[in-house]
Amino acid sequence: MTVTWEELGWERLAAGVGRCRLPVWDCTAGLVAGADAVLMIDAGSSPAEGARLHEQAQSLTGHRVTHLALTHPHFDHVFGVAAFPGAEIFGAVGVDAVLTRVRDRQELRADAVRNGLAETVARESADRLVPPRHLVSGEWTLDLGGGRQVLLANVGPGHTAHDLAVLVPGDPEVVFCGDLVEESGEPQAGPDAVPSHWPAALDRLLGLGGEDALYVPGHGAVVDAAFVRAQRDALATRFGVSP
Ligand SMILES: [Zn+2]
């Protein structure tokens with residue numbers, strides 16, 4: 001018996017493509033199923049949440065998660081990474097150092113606690129971080145089998161110095177944007193953001209997906225190209241970047 005996306009609280013975006021809005025921080029996790037491989041996009045905010053995602057992915061696809069793409073190194077997107085043993089992990093070049101250096105891990109843990117994650121969970125999550133083995137500096141095509149290919153694209157910097165987007169060709173095309181795009185509130189620009197480059201990163205996202213793609217933000221409802229373009233213009237104004 002197979003479950004439906006809806007039964008598990010997921011949103012189906014295209015054949016074999018869906019996303020889930022996780023509790024508390026409304027962080028997106030994405031899933032793309034191929035014939036013999038399954039890609040998860042982001043890992044949730046703790047090993048326990050990652051394990052729930054992994055279980056649901058298995059129920060939805062009949063396979064374990066074989067590939068995991070991390071859109072950027074923020075706790076709500078990466079702290080579940082320990083729940084995907086054996087998966088090939090991908091990230092933008094440089095994200096491996098952020099998930100490895102003691103100082104950066106401490107900062108991730110402190111940021112998680114500031115945002116309401118329990119101290120013990122934050123410590124366990126930071127201790128169990130796994131850096132990606134595959135680092136994307138330009139674009140990387142992943143073949144998931146059965147004619148399903150996805151494109152991992154290092155479109156940053158912007159929201160962080162290490163922003164990775166995922167383009168899933170199909171009808172419709174789906175672009176997982178990470179936190180380069182937010183729908184549920186103002187895009188969050190922390191101390192690790194690179195504001196002067198953020199608008200250009202959104203131009204690259206729009207170049208990937210074009211006019212008709214579904215754009216999946218890191219937080220909030222799925223949006224269209226017009227929304228992304230408006231957010232690009234608002235960020236350019238906010239950060240004083242000339243067009
Ligand atoms: Zn973020």
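1. Basis of the note. The model is predicted, so local features need pLDDT of at least 70 and side-chain atom pairs count only at pLDDT 80 or more, while totals for chains, interfaces and linings use all residues. Residues are numbered from 1 along each chain as its sequence is written, and side-chain values use heavy atoms, with hydrogens and water left out.

2. Zinc donors. Which residues coordinate the zinc ion? They are H72 (NE2), H74 (ND1), H159 (NE2) and D179 (OD), at 2.2 to 2.3 Å. Donors are N, O and S atoms within 2.8 Å of the metal (3.2 Å for Na, K and Ca); water is not among the atoms, so sites may look incomplete.

3. Along the sequence, the donor residues follow the pattern H-x1-H-x84-H-x19-D. Helices (H or I, at least four residues) and strands (E, at least two) are DSSP runs, numbered from the N terminus.

4. Geometry at the zinc ion. The arrangement is irregular because the 4 donor atoms subtend angles of 89 to 169°. Four donors count as tetrahedral if all angles lie between 85 and 135 degrees; four count as square planar and six as octahedral if opposite donors are over 155 degrees apart and all others between 65 and 115; anything else is irregular.

5. Helices α6 and α7. Helix α6 (residues 198-209) packs against helix α7 (residues 225-239) at an angle of about 165°, with the axes 8 Å apart. Therefore α6 is roughly antiparallel to α7. Axes are lines fitted to C-alpha atoms, for helices over the stretch in contact, and angles run from 0 to 180 degrees between N-to-C directions. Angles under 35 degrees count as roughly parallel, over 145 as roughly antiparallel, 65 to 115 as roughly perpendicular and the rest as oblique. Residues in the contact (heavy atoms within 4.5 Å) include W198 and L202 of α6 and V228 and F239 of α7.

6. Helices α4 and α5. Helix α4 (residues 102-114) and helix α5 (residues 119-127) have axes 9 Å apart and an angle of about 150°, which means that α4 is roughly antiparallel to α5. Here R105, R109, A112 and V113 of α4 meet E119, A122, R123, A126 and D127 of α5.

7. Backbone features. The peptide bond between G156 and P157 is cis, with omega about 5°; P157 lies in the loop between β9 and β10. A cis bond also runs from D171 to P172, with omega near 0°, and P172 is in the loop between β10 and β11 (174-176). D26 is not a glycine, yet has a positive phi of about 55°; D26 sits in the loop between β2 (17-21) and β3 (28-33).
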